[in-house]
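Subject: Structure for you to look over

Hello,

Here is the structure I promised. Please open it first, then read the notes below.

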Amino acid sequence: MAAKLLSTGFRHSTLPENYVRPLSDRPRLSQVSQLEDFPLIDISSTDRSRLVQKIHQACARFGFFQVINHGVSKATIDEMVSVAHEFFGMPMDEKMKLYSDDPTKTPRLSTSFNVKEEEVNNWRDYLRLHCYPIDKYVHEWPSNPPSFKEVVSKYSREIRELGFKIEELISESLGLEKDYMKKVLGEQGQHMAVNYYPPCPEPELTYGLPAHTDPNALTILLQDATVCGLQILIDGHWFAVNPRPDAFVINIGDQLQALSNGVYKSVWHRAVTNTENPRLSIASFMCPDNGAVISPAKPLWEAKEEEAKPIYRDYTYAEYYKKFWSRNLDQEHCLENFLND
C-alpha cells in the first residue's frame with residue numbers, strides 16, 4: 001500500500017506506466033499560453049458598484065479571478081503553507097495512518113483522484129479534510145505535525161469569512177439580494193484539499209489533475225507562491241495562471257453555474273507538473289448543505305420571455321455530489337446530467 005503514495009522523497013527517472021496518458025489526452029505544454037488579462041480584484045475597495053461590476057465580468061468571462069486585500073492574514077497563510085509542507089515531509093509510516101482510497105472517508109490521505117475508478121493515475125498526493133463545523137471534525141485531523149490542528153483551524157475560519165464575502169459580491173453581481181446565495185446554499189459545508197505534486201520525470205505524459213470542474217459552490221485556492229501548475233480552459237485554449245503570492249484564486253463551482261442559470265461558468269481547469277520542483281496548493285471548497293435544493297434563481301429567467309424556463313432542473317446537492325463522485329474526473333461536465341428536458 002505504501003507504494004501508492006508519491007510523496008516518498010524518491011525521484012523517478014521515468015514515468016511509471018500507470019501514469020502515462022494516451023496520446024490523445026496529453027497536456028501539450030508547448031501549446032499553453034500565459035494568461036495576460038486574468039482579473040485581479042481588490043475586494044477591500046469602497047467603490048461597491050465598480051467592485052460588483054468587476055466580479056460580474058470575471059465570472060461571466062473566465063469563471064475565475066484573483067483577489068487581493070482579502071482579509072486573510074499573511075501569518076495565517078505562511079503557517080498553513082509551512083504545516084502542509086511539514087505534513088508531506090513526514091515519514092511514510094506516519095502518513096499511512098491516514099491513507100484511504102475510499103472517496104467517502106474523511107479525513108483521508110490519498111493519491112491521484114479516485115483510484116478505484118481510474119484507468120490512468122494522476123501525479124498527485126492529497127490530504128482531504130472536512131473543516132466545518134470545526135468542532136465536529138478537528139479531533140479526526142492529523143495529530144502530527146503537532147501544530148496542525150491549531151494552524152488549520154485558524155486558516156479555515158478566515159477562509160470561511162472570505163468565502164461568505166465573495167458569495168455576497170457574486171449575488172449582487174447577478175442583480176440578486178446580497179444574501180441570496182447564503183440563503184439558498186444553507187448551512188454550508190467546507191472541505192479542504194492539500195495537494196502535493198512531486199517533481200515529475202515526464203510532465204508531457206501525465207497530469208497532476210486532469211481537466212475538471214469543481215462540484216461545489218465556490219473554491220478558494222492558495223497557489224504555490226513560486227511554482228506554476230494551474231491552467232484554465234478559455235475558448236478552447238489552455239492558459240497558465242501564474243502564481244501571485246498575496247492573492248487567492250477564486251473559481252465558480254458547478255452549483256453557482258446552475259444558480260446563475262448558466263450566466264456564470266464553472267470552467268474546466270487542470271494541474272500540470274514539472275521536472276524540477278514540488279508544488280503545493282491548498283484548495284478550500286464552500287459546499288451547499290446536502291439538503292439544499294439547487295435551482296436557477298427565478299429573477300434570472302422568469303422575466304426574460306413568456307416561454308422562458310431554467311436551463312437546469314431542481315436537484316439537491318447530495319444528489320449532485322453522489323453523481324460527481326461516481327464518474328471519472330474528466331468525463332463530460334457533470335451539470336449536463338441535470339439539464340431541463
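Over residues 188–288 the chain is 6% helix and 44% strand, and the end C-alpha atoms sit 5 Å apart. Helices (H or I, at least four residues) and strands (E, at least two) are DSSP runs, numbered from the N terminus. An unreviewed UniProt entry annotates residues 188–288 as "domain: Fe2OG dioxygenase". UniProt positions are in the numbering used here, feature names are shortened, and annotations may be inferred rather than shown by experiment.

This is a predicted model: local features need pLDDT of at least 70, side-chain atom pairs count only at pLDDT 80 or more, and totals for chains, interfaces and linings use all residues. Residues are numbered from 1 along each chain as its sequence is written, and side-chain values use heavy atoms, with hydrogens and water left out.

An open sheet has eight strands with mixed pairing, in the order E2-E3-E11-E8-E13-E6-E5-E4. Its edge strands are E2 (40–42) and E4 (108–111), and each pairs on one side only. Two strands pair if DSSP finds at least two bridges between them. Neighbouring strands are turned by 25° against each other on average, direction ignored.

Within the sheet, E8 (residues 218–222) and E13 (residues 279–287) pair antiparallel over five bridges. Ile220 stands opposite Ser284 in E13.

Helix H5 (residues 148–173) lies across E3 (64–68), E5 (125–130), E6 (189–197), E8, E11 (248–252) and E13. H5 runs at about 130° to E8. Contact means heavy atoms within 4.5 Å. Axes are lines fitted to C-alpha atoms, for helices over the stretch in contact, and angles run from 0 to 180 degrees between N-to-C directions.

E1, E9 and E10

E1 (residues 33–34) pairs parallel with E10 (residues 237–240) over two bridges. There, Gln34 has Ala240 as its bridge partner. E9 (residues 230–234) runs antiparallel to E10, joined by four bridges. Ile232 is partnered with Phe239 in E10. The hairpin of E9 and E10 has two residues between the strands, and Asp235 takes a positive phi near 50°.

Helix H2

H2 (residues 74–88) has 15 residues, which should span 21 Å at 1.5 Å a residue; its end C-alpha atoms are 22 Å apart, which agrees. The expected span is 1.5 Å times one less than the number of residues. Thr76, Ile77, Met80, Val83, Ala84, Phe87 and Phe88 are buried in H2, meaning under 20% relative accessible area (1.4 Å probe, protein chains only). Seen down the axis of H2, its buried residues fall within an arc of 135°, so they line one face of the helix. The arc is that of the directions from the helix axis to the C-beta atoms.

Best wishes

Key. Buried means under 20% relative accessible area, exposed over 50%, partly exposed in between (1.4 Å probe, protein chains only).
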